[in-house]
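Thanks for making time this morning.

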Amino acid sequence: MRDDSPTADLVLRARKGDADAWDALVARFAPLIWSICGRYVLGRADAYDVGQYVWLRLVEQLEAIHDPAALPGWLSTTTRRECLRVLGAASGPYATMYALDVESLPDERAGAAEQELLAAERQAALREAFAQLPPNGQQLISMLLADPPLPYADISAKLGIPVGSIGPNRSRYLDKMRRHPAIAALMNA
């Protein structure tokens, strides 16, 4: 899929070794990483370590990111997992308390931003899986999602398929989308 977003442009340039693009990515997304670390009540040193780990993982995985627009979701997920790993590795009587308090922290801005990023990650995965369907599958799914809904008789006439095959075809295409690696990763996360 082609993505003309500023994030996608920065990712593509950073892949080619553009240091300015990498610096721009860090400047753009470092606040996201710090806000997630803050929600997990990490100490300054632990938050710094998490941030370094996330950026190092991005350097290693930059070529593997299929949809550059999904980068915020990737960063968010990687940061959350590393925060949990750091908390799990913490020893002492307070480790459990911190892990339990994380969910009850009132940080509406970070929570809203995280939800938006997760939604963007889901949408990017869906777009990627949808793009892998054959053209007739894309047409069928698009017609089934039309607003207002199209009657099966109209779909049948437009696609030239029997009404009775719409349901089984829909099921087959949705199963194919569920098996797509991007969707499977989200479902397993």
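**A walk through the model**

Let me begin with Val41, which is partly exposed, at a relative accessible area of 33%, where buried means under 20%, exposed over 50% and partly exposed in between, with a 1.4 Å probe and protein chains only. Before I go on, please keep in mind that this is a predicted model, in which local features need pLDDT of at least 70 and side-chain atom pairs count only at pLDDT 80 or more, while totals for chains, interfaces and linings use all residues. Residues are numbered from 1 along each chain as its sequence is written, and side-chain values use heavy atoms, with hydrogens and water left out.

Val41 has a positive phi of about 55°, although it is not a glycine, and it sits in the loop between H2 and H3; helices here are DSSP runs of H or I with at least four residues, numbered from the N terminus. Another backbone feature is the cis peptide bond from Asp147 to Pro148, with omega near 5°, and Pro148 is found in the loop between helix H7 (135-144) and helix H8 (152-159).

Turning to the interior, a nonpolar core is a set of buried Ala, Val, Leu, Ile, Met, Phe, Trp, Tyr and Cys residues joined through side-chain atoms within 4.5 Å. Of the 26 residues in the largest such core, Leu42, Leu58, Leu71 and Leu75 touch the most other members. Helix H1 (6-15), helix H2 (19-39), H3 and H4 each supply at least two residues of this core, and H2 gives the most, with eight. A second, separate core of 13 residues includes Ala129, Leu140, Met143 and Ile161.

How many aromatic pairs does a search of the whole structure find? It finds one, where a pair needs ring centres within 6.5 Å, the six-membered ring being used for Trp, and planes over 60 degrees apart count as edge-to-face, under 30 as stacked and the rest as tilted. The rings of Trp22 and Trp55 have their centres 5.9 Å apart and their planes at 75°, so the pair is edge-to-face. Because Trp22 lies in helix H2 and Trp55 in helix H3, the pair ties together parts that are 33 residues apart in sequence. Trp55 is buried, with a relative accessible area of 12%.
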